[in-house]
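I opened a notebook page for this structure. These are my entries, in the order I looked things up.

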Amino acid sequence: MPLGKKVRATSALGRLETLRIPSVLAELGPRARDVQQSDRLTLDSRCILKRDDSKDRREHPEWLQREILRQGDRRHSVSLGNMLSLAGRHHRITESMRSFYNLKHSDLLNCLIEEKVTLENLMSLKFAFEEYEKGGKKLLDMMNFSLMVKKCCGLHKVKNELIQELFKKIDYLGNGKIRWDDFCTYMQLEYKEKEESISRSRQVAFILPASTVTMCHGEPIVRICYSPNGTVVTIREDGTAFYRTPELQLKKRKMVFQERPVNRKPKWATDFITMPQFNKLIIGTGDREIQFYEFSSLDPYCQIGGLETIPLKMDYCYKGPDECVILFGDAQGCVNIILMTMVGETLRMWKKSPKVENVPSVTIENVVLSPSVRFIRWKVHDDWVNQVRYFASTSTVISASNHEPTALVIGCLTPTTKLKQQVEEVREAAREVKLKKTVPGLGLPQLRTAWDQTVFSVYKGVKTFDFCDKHRLLVTGGLDRLIRMWNPYVPGKPTGTLKGHSAPIFYLCISSEDNRIFSVSMDNMVKIWDIHDQSCLFQAHPKASLIYGEMMACLYSSSVRALYVATDSISRLCLKTRPPPLGHLVTSHREPVLCCGYSEELHQVVSCSEQSVVKVWDCDTGTQVFEFGNAHGFSAISCLTFDSKGRRLITGARDGSLKAWNFNNGQCLKIFREDGESHKVCDCAYLTVNRKSYVMSVGWDRRIHVYPDSPEDIFHIQKPLPPWPDDLRSGHKDDILCMALSPPTLLATGSHDGEILVWNMVSGHLQCRILTPNPPGCVYNAPSYVDISVLSILFLRNRLLNTGHMDAACMVSSGARGYIHFWNVLNGGQLLASFEASRLKRQITKMALSKQENWLYVADEVGYISVFEIDAYALVPDQQQAAPRTVNYWRAHVGSITGLQVITSEEVLLTSSVDCTVHLWSMHGEFIGTFGQADRWSIHTPSSWRHPMAPHEVLIDPLSMPASLSLESGHQVSVENSLDTEKDANNADDRNPDWRSKPPLPSLSISDSDIENAVNNACYPTEPGKRLRHEIFKHTNKLFNHRGGKVYHSLKYFDIVDTSTISPSPDLNAGNKPLAPDFMEISACDSRFLNNLSTGS
């Protein structure tokens, strides 16, 4: 911090200065010193740190807790010497944040033991396992595994609970013992899935097929350029220029060359380049000319003639104010450089030169005579120059040719200023060139010295190249079909080779923003490569892109993220890009989240998305722990559950299958699937009865499937048990959407037609059939459709187990238009009570209960969560009860909520939604954070929560706005009306995609009553003045404007009342004319002035 600069008082440093504390560690006081003294530490069986803090009982301020949490040691490897961090960790916190120093150990370091294991450590572990097996024991328990890891990996000071967490991840069956094969399998699959996760984050693709514009038959296109104003410029060899939009719509076409007599050979273009800073277009011709044209009108400006050879390839660079560089490579292998200063003045001087073929022309001999122009010609190659570029970041010129010894040369722009070298050059020039024929600045091409250039020798030469100064990377391609990656300072050997093309490389481009390389070969194959992995990310075959014909020119534009290819037609390949989230928006997935869950054993949150991606999150910090994709191929994951031990994940998908996973390394353990045609799985559950485990699922096939789950079963694919007879005879007639279990006997399933069936899981018999009632005011078979599908069911287990509540409601189900129904399933499915849980009358999607079952959490399809107190609700039948008390009500998401779970151990609420986010809330609705956000939180540190903030997408959503009054019409605008408007807008969007871009048009049908009401509502004075009369009649002779009023039309105006020039006598009895006496004081001169003003004289 600069000296004398004051510290902001609200910052952490400012508060430290206010409290006269030298540092944050000083605030810890004796605690830090006590932690470093191991003899004063005592650890219990759960590795909880206990300290004698009776001397310092005061709570630390929230800002200090937040700063320590933000600046805490969060490395991704195990620290071996940080005793303060290692000793200050423990397993659980059940009391509030009285001291920040009782955090969970894995929370502060956020490290993984498996990330610390090296190849040497792995070999040591292997030998240790073998020695252990020689003792007659093939399985390793948790204690011996902890000792072995500490010894072989040198992690003697690491807490046991970190190693225990690794052991639990490997022992997914919960047997308490593992083998060496289990350890190796876990490590291998974890690293493999991490690599695939990184690959998914780098996925890229073109939109196929390419958008193509067919051109009429003509000469080939020499080049494609993209101007800063968004114009795609192409020029044919015959001189026809085309200006197109980025979508390849034609804007302008013109022949730039003048017509020649029949006996003369027509002029042809070799290459062109734009000068956007000077509004010029430079074209090289086969007549050894460089012509300048106006970029906007394509009118000829001037030209430079008399070049030594034909300019084949050109380049341009703007070096500063009124200074530029023009380069061109010729057929003799020379690189010609024109350095220009005072560019505008120089071009205007050349325009005054004598005209040749109606174009002002100046020879190259006269050009070099100008003091503002310097011409340099380097002899670089022994073959034609295929490409030449100037890079201002390194002030170097790079050129390429098919000559193998000088395939690519990186050289200086101007020769180095060394006295000895200049003397030798002057002497050599004096001996070889006659002075009378020497032209200043021209002559034989110069040869660069060895220290002025770097030469790359490439087999079969280089046809195209590109250079990136950000990555210090040079890529080359040629006739050998290989793409070579070079360090520009090491010409001896390439750093990498990209293989995959089956034809010569025609075009290369490095996208430094995306760390990608775009390549195009002569067979019209387009590939995208990753710079870091040197792997192919995507390839577009000509059969898929529909790009046919001989390759002529290519260009990749990073501004529009599109590749333009010119063959017999012009094609445009656009990258598939997702709209980037706004700066304040945080998402957990890239696609909608369809389900989420919490593992009590590993304290992790698992969320699944529509693209079959599974993400594992640390619940204590909100950071991502693991991720694996393609869990069910291309099918979306619709539901999930955990086994009884919480170490395996069961997922169900739209392809009709269920899979069991070790979700910490992405290993698929089992597949549950029926024979024949499979239908979507809507819900699943895990059941353990009498030491036997089962996986149950329901879905669109309208059946209940029960799969046995036995560790002894060696089959990878499991078939369901035979269906229940009652399910075949009297089962659901429509798709089953949800299910609920109340072990060991009750099972409830809800279908799309509003039917709820309660089953006895032991016998498989149907216990009762319930039909969801319609909401008040709706009847069956009504013309208007009412969605009565059941999306969520819950059992009140405390009431089921309490014999005193045999007549009370023991099951809760969702209904139509936001209604919640309470049922007694023990007495034949009697409806005891119902109430409207959604204030917006929207369908309930998910429900959850608190630990004591006194609070009911309800989520609807627009993202609102309501909390009701139901401990005394629906206890007695045949009693009319009011709706239960609303404890809390807030909006959690902007889309339909797909996951809602109460984490009782942490006393937090987990939610997920189709808006691609997974949120964590306190039980009272305080926003803790979004999984995947940059700032980590601690569940037991309220100062690290986002509260009192709310998710940004919720704040800016129109549905989150409270009801307001319209100022003009005076009617109330509710959230429900705005939701209906939004749905209507979505329907209109489906009918017409461009409706949002068009302004609303006023109604064209105006009745007489509307005109009469408008006239009556207009407040005109009875005797309008001159100014008001002018405002009324000035638009009478103009046509009506049907595009709506402008902004200034709504501005208020005040009428000017026309007054007489002679002041009337004051009315002394009138008390409401306070300005009347003022008129008596007007003089005769003022009266004459007003009279002249009113008559206009």
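**Entry 1: helix α7.** I am working with a predicted model. I began with helix α7 and asked which of its residues are buried. I found Asn121, Leu125, Phe129 and Tyr132 buried. They share one side of α7, because their arc around the axis is only 80°. The general rule is that an α-helix has 3.6 residues a turn, so residues three or four places apart point the same way. I then looked at the other side of α7, where Leu119, Glu120, Glu131 and Lys134 are exposed.

I also checked the length. Helix α7 runs over residues 119-134, which is 16 residues. From first C-alpha to last it reaches 23 Å, close to the expected 22 Å. Just after α7 I noted glycine 136, with a positive phi of about 95°.

**Entry 2: confidence.** How much of the protein scores at least 70 in pLDDT? I read 73% of the residues, and an average of 78. Residues 1-58 stay under 50. The model has 72 contacts beyond four places in sequence for that stretch. Residues 964-1005 are also below 50, with 35 contacts beyond near neighbours in sequence. I keep a caution here: where pLDDT is low, the predicted coordinates should not be read in detail.

**Entry 3: a sheet.** I traced an open sheet of four strands, in the order β53-β54-β55-β56. Its pairing is antiparallel. Which strands sit at the edges? They are β53 (793-795) and β56 (830-836), and each pairs on one side only. The twist averages 20° from one strand to the next.

β53 and β54 (residues 811-814) are joined over three bridges, in the antiparallel sense. Leucine 794 has valine 812 in β54 as its bridge partner.

**Entry 4: cis peptide bonds.** I noted a cis bond between leucine 208 and proline 209, with omega about -5°. Proline 209 lies in the loop between α10 (180-201) and β7 (211-214). I noted another from histidine 947 to proline 948, where omega is near 10°. Proline 948 lies in the loop between β64 (927-930) and α17 (952-956).

Entry 5: Leucine 248 has phi near 70°. I placed it in the loop between β10 (240-244) and β11 (250-255). Is leucine 248 buried or exposed? It is buried, at a relative accessible area of 3%.

Asparagine 358 has a positive phi of about 65°. It is in the loop between β19 (355-356) and β20 (359-363). At 58% relative accessibility, asparagine 358 counts as exposed.

Conventions. Residues numbered from 1 in each chain as written. Predicted model: local features only at pLDDT ≥ 70, side-chain atom pairs only at ≥ 80, totals over all residues. Heavy atoms only, no water. pLDDT = per-residue confidence, 0-100. Contact = heavy atoms within 4.5 Å. Helix = DSSP H or I, 4+ residues; strand = E, 2+ residues; numbered from the N terminus. Expected span 1.5 Å × (residues − 1). Buried < 20%, exposed > 50% of the residue type's maximum accessible area, 1.4 Å probe, protein only. Arc of directions from axis to C-beta. Pairing = 2+ DSSP bridges. Axes fitted to C-alpha atoms, helices over the stretch in contact; angles between N-to-C directions.
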